[in-house]
Amino acid sequence: MKWRVLSVLAFGLIVAAPQSRAAEYPTRPIKLVIPYAAGGPTDTFGRLLAEYLGKDLKQTVFVEDKPGAQGAIGAEMVARSDPDGYTLLGTSGSVIILNPLLYKKLSYDPARDLRMLALVTEVPVVLCVNPSMPVKTVAEFVAYAKQNPGELNFGSSGTGSFTHLAAEMFKQVAGIEMTHVPYKGAAPALSDVMSGNIQLMFESVSTSVPLMQSGALRPLGIGSPRRHPALPDVPTIAESGYPGYFVSVWNGLAVPAGLPDDVTRILTDSLDRVMNDPGFRAAIEKAGFSALRPRSPAAIAEFMEAERVRWSGVIKSQNISLD
């Protein structure tokens, strides 16, 4: 009889353990790793998310920037961390989608090592040119490029970045030739567009809007399905004659793949509340992002697969590699 009682008690403790862990989480500060340098758009996104996630979880969420290797260093750090809910990854599409397509050898496998919990923000790219260029629309730009094949230089924040691939995709759909000039970040590339050293760049709206509003850059088209509220008079590239063109830079939150389901559920529920919070949405949009609504795991998986297929075609066709 005593053996049976002990067995029942032991079984009860095993069953109750996950529930107890979930009820207690989080009991200490949570680290949100940003795989890029401080001050960049992903860092800005991460700090806002950390602030509101901390309020909702009633626990401190602090940001730790781990830049390097196109985000691979920070991503590997989270992928190899204890799957206990205390190390999270504030990520971008480059880390999750592009790096596995660009590197033959990568220190982490997003599909195996990480689990996306939420897609939180997106920012469309905008085709912007030096104001001295004799073009004011996408159609005029394409015509000019065809009249001057290979003479246009476009900048990017680095080979394999969304800003690079956005231009490569446009080259394909528009049937034009341009020369890529990679930079170490968006700032020096934009500076060279403004000075006339290069003619154009596809850059995120959040980064380039102040420069376009000041007249330092001329916007020709937005890479989103609808016009952007910050640039209501700038048509989309889709409505300018290229209906299949859509490029946005997105940010989300990922965790180590082995995170227990009960802790995952707490984090997911908290993220849903944050993403629906009017204060968070207002803050994120003031920072230049578009705030997204919560999606189901199936919807997230569907989006990720569509992104992989789309960018894989661009990368393979242009034979782009970072190895």
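## A predicted chain and its nonpolar core

The largest nonpolar core in this predicted model has 101 residues, and those with the most contacts inside it are F141, F170, F202 and Y245. A nonpolar core is here a set of buried Ala, Val, Leu, Ile, Met, Phe, Trp, Tyr and Cys residues joined through side-chain atoms within 4.5 Å, where buried means under 20% relative accessible area, exposed means over 50%, and partly exposed lies in between (1.4 Å probe, protein chains only). Strand 4 (residues 114-129) gives the most to this core, with 12 residues. In soluble globular proteins, nonpolar side chains tend to be buried together. Leaving aside residues up to four places away in sequence, Y245 touches V125, A166, M169, F170, V173, F202, G223, I237 and A238, a contact being heavy atoms within 4.5 Å.

Because this is a predicted model, local features need pLDDT of at least 70 and side-chain atom pairs count only at pLDDT 80 or more, whereas totals for chains, interfaces and linings use all residues. Residues are numbered from 1 along each chain as its sequence is written, and side-chain values use heavy atoms, with hydrogens and water left out.

The chain has 12 helices and 10 strands; helices (H or I, at least four residues) and strands (E, at least two) are DSSP runs, numbered from the N terminus. Of its 323 residues, 50% count as buried, and its C-alpha trace spans about 90 × 40 × 30 Å along the principal axes. Among contacts between residues at least 6 apart in sequence, 76% join residues at least 24 apart.

Two packed helices are described by the angle between their axes and the distance between the axes. Helix 4 (residues 93-102) and helix 12 (residues 297-318) pack at an angle of about 35 degrees, with their axes 10 Å apart; the axes are lines fitted to C-alpha atoms over the stretch in contact, and angles run from 0 to 180 degrees between N-to-C directions. In this contact, I96, I97, L98, L101 and L102 of helix 4 meet M304, E307, R308, W311, S312 and I315 of helix 12. These residues divide into 8 nonpolar, 1 polar and 2 charged, where Ala, Val, Leu, Ile, Met, Phe, Trp, Tyr, Cys and Pro count as nonpolar, Asp, Glu, Lys and Arg as charged, and the others, Gly among them, as polar. Since 8 of the 10 residues of helix 4 are buried, this helix is largely enclosed by the rest of the structure.

| Side chains joined | Polar contact |
|---|---|
| H180 and S156 | 2.7 Å |
| H180 and H164 | 3.4 Å |

Most residues other than glycine have a negative phi, and most peptide bonds are trans. A cis peptide bond, with omega of about -5 degrees, joins Y25 and P26. A69, although not a glycine, has a positive phi of about 55 degrees, and at 45% relative accessibility A69 counts as partly exposed. N319, found in the segment after helix 12, also has a positive phi, near 55 degrees, and at 69% relative accessibility N319 counts as exposed.

Methods: Polar contact = N/O pair within 3.5 Å; in protein donor to acceptor, adjacent residues only side chain to side chain.
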